[in-house]
Amino acid sequence: MANHQVRNTGSVAGNLMMARCHGFSSDVTTLLMGAGGTITFKLMAVGAAGQAVPAGDLPDHTLGVHAFLHAEHPAGTAVLVTSIAVPYLEAGQHFATYRAALRPVNAHALLNAAFLIRVSPEDGTVTDASLVYGVAQLRACYAEEAQAA
């Protein structure tokens, strides 16, 4: 019901947390997972009022997107995302994303995908593949059997 500007206000970290905590159908998680992205975060204590309380010098934790989406954290902690990293493509790597929705803008995806492959320069065969699908399950997932083939 909001206008275009309000609907599209948010952050990448907020999108990741919606996918992690509420099973939000996120194009961002599929893309980051397929690209081999990592999430760096801090675990903060939650005070009596339900607000995150800084606890001195908190250590950084870094996980791949899939591990981050499925990570269990101790009760009474909040997650503060401090950085999101996406590696550069290496020689012979190719990356593509796809999205199917009822409308091209402002519509949840019916299915989305991210594919990262490595091609051998000698014979043009695929030597490694990361195939990720989103919306097909509660959270983005790898097509493990296809990757193994």
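Predicted model: local features only at pLDDT ≥ 70, side-chain atom pairs only at ≥ 80, totals over all residues.
View 1. The chain averages a pLDDT of 83, and 88% of the residues score at least 70. Of its 149 residues, 27% count as buried, a word that stands for under 20% relative accessible area, while exposed stands for over 50% and partly exposed for what lies in between (1.4 Å probe, protein chains only). Residues are numbered from 1 along each chain as its sequence is written. Local features need pLDDT of at least 70 and side-chain atom pairs count only at pLDDT 80 or more, whereas totals for chains, interfaces and linings use all residues; side-chain values use heavy atoms, with hydrogens and water left out.

**View 2. Helix H3 and its two ends.** The buried residues of helix H3 (residues 27–34) are Thr-29, Thr-30, Leu-32, Met-33 and Gly-34. At the start of H3, a side-chain oxygen of Ser-26 comes to within 3.2 Å of the backbone nitrogen of Val-28. After the helix comes Gly-36, which has a positive phi, near 80 degrees.

**View 3. The salt bridge between Arg-99 and Asp-27.** A salt bridge is a side-chain nitrogen of Lys or Arg within 4 Å of a carboxyl oxygen of Asp or Glu, and the structure holds three of them. In the one shown here, the closest N and O atoms of Arg-99 and Asp-27 are 2.4 Å apart. Because Arg-99 lies in strand E5 and Asp-27 in helix H3, the pair ties together parts that are 72 residues apart in sequence. Arg-99 is partly exposed at 38% relative accessibility, and Asp-27 is partly exposed at 30%.

**View 4. The salt bridge between Arg-118 and Glu-90.** The closest N and O atoms of this pair are 3.0 Å apart.

**View 5. Ala-100 in strand E5.** Leaving out residues up to four places away in sequence, Ala-100 touches Ala-109, Leu-110 and Leu-111, where contact means heavy atoms within 4.5 Å. The C-alpha atoms of Ala-100 and Ala-113, which are 13 residues apart along the chain, are separated by 9.1 Å. Ala-100 counts as partly exposed, at 38% relative accessibility.

**View 6. Ser-120 in the loop between strand E6 (109–119) and strand E7 (126–134).** With a relative accessibility of 10%, Ser-120 counts as buried. Its side chain makes a polar contact with the side chain of Glu-122 at 2.9 Å; a polar contact is a pair of N or O atoms within 3.5 Å, of which, within protein, one must be able to donate a hydrogen and the other to accept it, and residues adjacent in sequence count only if both atoms are side-chain atoms. Beyond its neighbours within four places in sequence, Ser-120 is in contact with Thr-125 and Thr-127.

Terms used:
Helix = DSSP H or I, 4+ residues; strand = E, 2+ residues; numbered from the N terminus. pLDDT = per-residue confidence, 0-100.
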